[in-house]
Amino acid sequence: MRLLLSGQQIPIRALVTSSFHSGQAGIDAGTALDLIHLSLQQLHAHVDAASGPSAHLGNAATVLAGDYLTTGAFRLLVRCADLQVLALISHAVNRAAELEAANLSLARDGVDDPTQWVRTRQRLAAPLGGAAGATGAALAGYPEPLAGVARRYGETLVASHVLLQEANAMERCEARTALLCAARDLCRQATQEARTLATATGNGRPLELAERIAASIEAGGSEK
């Protein structure tokens, strides 16, 4: 677990959800999404990896750890006692699992085709990121179309952070540059969505979070 939570792993999905609803339900739902991300996208999708947490744990322990995190996530969701939240997150988990399964046959190395790798990482991050924004909006009682804006904000900001994490783990190369450029573009989109939400609702927390990620991207671009 220390391996999973070390380095640049911050609870970005929980931060997105609680930026809309800072009560216990928002914290629980967002935390559940981060646990599901760790379980599905950091453990289960990389059972046979030659490096990283899965390699250190071994296949059997990796599966068990992933199952433990998933169980904990759904304990938190049950505590929310909100059927709309359960529906949003269960749909997102199904979609994320489908995308991960489709991606298993693709090489992880993005050096040969950085553009394709960026698109793949962004696509994999979208379901849980969108669910973080949509869940926070649902708990906060946002009407449509603001709920749709919150979903897009979650998709773009979480994808931006994921790409930044990928870039920070690399030395300077074409793939790293592509990741940082895509992360910057996505963060700008998220910032625009956050400004729309702030104007409509008076809630400036999503904008503060987007600005924090933007600062991290600029710092990442100046390192190495």
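## Terms and basis

Helix axes are lines fitted to C-alpha atoms over the stretch in contact, and angles run from 0 to 180 degrees between N-to-C directions. Two packed helices are described by the angle between their axes and the distance between the axes.

This is a predicted model, in which local features need pLDDT of at least 70 and side-chain atom pairs count only at pLDDT 80 or more, while totals for chains, interfaces and linings use all residues. Residues are numbered from 1 along each chain as its sequence is written, and side-chain values use heavy atoms, with hydrogens and water left out.

## Overall architecture

The protein has ten helices and zero strands; helices (H or I, at least four residues) and strands (E, at least two) are DSSP runs, numbered from the N terminus.

Of its 224 residues, 47% are buried, that is, under 20% relative accessible area with a 1.4 Å probe, protein chains only. Contact means heavy atoms within 4.5 Å. Among contacts between residues at least 6 apart in sequence, 74% join residues at least 24 apart.

## Packing of H7 and H9

Helix H7 (residues 114-140) packs against helix H9 (residues 174-201) at an angle of about 45°, and their axes lie 9 Å apart. H7 and H9 are therefore oblique to each other, since angles under 35 degrees count as roughly parallel, over 145 as roughly antiparallel, 65 to 115 as roughly perpendicular and the rest as oblique.

From H7, Pro114, Trp117, Val118 and Gln122 meet Glu174, Ala175, Ala178, Leu179, Ala182 and Leu186 of H9. By class, this contact has eight nonpolar residues, one polar and one charged; Ala, Val, Leu, Ile, Met, Phe, Trp, Tyr, Cys and Pro count as nonpolar, Asp, Glu, Lys and Arg as charged, and the others, Gly among them, as polar.

How values were computed:
Buried means under 20% relative accessible area, exposed over 50%, partly exposed in between (1.4 Å probe, protein chains only).
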